[in-house]
Amino acid sequence: PFGINFHMFQPGAEQIVEAVISKNIKAVSYSRSPTADFISKFKKNGVICIPTVGALKHALKAVDLGADALVIQGSEGGGHTGSTPTTLLLSSVLQQVEVPVIAAGGFRDGAGLAAALAWGAAGIAMGTRFMMTQESPVPQVTKDAYLSANIEEIKITKKFDGLPHRLIFNKYIQKIDRSNPLSLLLISLSSAWRYKQLTESSFKDLLKAFFAMLRGDDLTISQSIMSANSPAIIQKAMVEGFPNEGAMPSGQV
Ligand SMILES: Cc1cc2nc3c(=O)[nH]c(=O)nc-3n(C[C@H](O)[C@H](O)[C@H](O)COP(=O)(O)O)c2cc1C
C-alpha cells in the first residue's frame, strides 16, 4: 500500500507507526487528536501526513503539528463527523491555511468535484460512494440497505459510540438512540468484549486505549466505554452482512 489510515488511540497504534516507517509507506491519514511525537516521527522519515479534520480549530492545530495536506470533512460526511456543513468548513479552512485542502462530506459525482475545485479545494475525498462500488467487498445485502435509505434517514447520533457519528438510522440504531445510559453501558461492555476477540487485544491493550482516549481525546468516561461499540457493531453490517443488526456509517450522498 502507499497509504495507511488509522487512529491514534486504537490498540497497537505504536506498532502501526513503526510499520509505516519500516515498510516505507508514503502517506498516512489519521484523525482524533494525534500526538506530536507520532507526527514528528513520520515527518523525520518523509511520510506525508494527511489528517482528516471536522472543525476549523482542528485544521489549524493539525497544520501546526505539521500536516502536509488536510482532508476537511463537513457534517454531511459519513462516520465520525463534525457539525459544520462541508461548504462552510471548506471556505473557512481555505482562508486560514496554506497547505492543500481536500474536501469531503456529501460528494457523490463530478458536479460536486467541479464545485469543490471552484471553491479552491485541491480535490475531493469520497467515502460512501466508493464503499458502494462493485470493487468494494461490502456484502451486497448491506449495499442494498444503503441504496434503499432516504437521505432523511441518514442522521447523526452521539449515542452509538460517544462521538457524533453519521449513519443510517436502521431499527438497531433507532433503538440505541432511544436507549437510557444503563442499557447503553451494557451494550458497550458487550461490544468491548467482541472488539477484544476481533482484534485479539489483551485486557491491558483495551485499558491502555481506554485511558489514552480519556486523556488525549477529551472524551468522558462514558464516551470512552461507548467507543467500543463502533468496530464491533459496524463489522456486523459491513463485513458479516447483517445490515439490520449492525451499524452503517453513511454520508448524505
Ligand atoms: C462506512 C464508512 C467507514 C469509514 N471509516 C473510516 C475510517 O476507518 N477512518 C477514517 O478516517 N474515515 C472513515 N470514514 C470517513 C471517510 O474516510 C470519509 O471522510 C467520509 O466518508 C466522507 O464523506 P462521504 O461519506 O459523504 O463521502 C468512513 C466512512 C464510511 C461511510
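The model is a predicted one, in which local features need pLDDT of at least 70 and side-chain atom pairs count only at pLDDT 80 or more, while totals for chains, interfaces and linings use all residues. Numbering runs from 1 along each chain as its sequence is written, and side-chain values use heavy atoms, with hydrogens and water left out.

The chain holds twelve helices and ten strands, taken as DSSP runs (H or I, at least four residues, for helices; E, at least two, for strands) and numbered from the N terminus. Of its 253 residues, 45% count as buried, meaning under 20% relative accessible area with a 1.4 Å probe, protein chains only.

Now to one helix pair. Helix α1 (residues 13-22) packs against helix α2 (residues 36-44) at about 10 degrees, with the axes 10 Å apart. The two are therefore roughly parallel to each other, a label for angles under 35 degrees. On the α1 side, A13, E14, V17, E18, V20 and I21 make the contact, and on the α2 side F38, K41 and F42 do. By type, these residues split into six nonpolar, three charged and no polar.

Helix α12 (residues 229-238) is mostly covered, with eight of its ten residues buried. Those buried residues are N229, S230, A232, I233, I234, K236, A237 and M238.

Definitions and conventions:
Axes fitted to C-alpha atoms, helices over the stretch in contact; angles between N-to-C directions. Parallel < 35°, antiparallel > 145°, perpendicular 65-115°, else oblique. Contact = heavy atoms within 4.5 Å. Nonpolar A, V, L, I, M, F, W, Y, C, P; charged D, E, K, R; others polar. Buried < 20%, exposed > 50% of the residue type's maximum accessible area, 1.4 Å probe, protein only.
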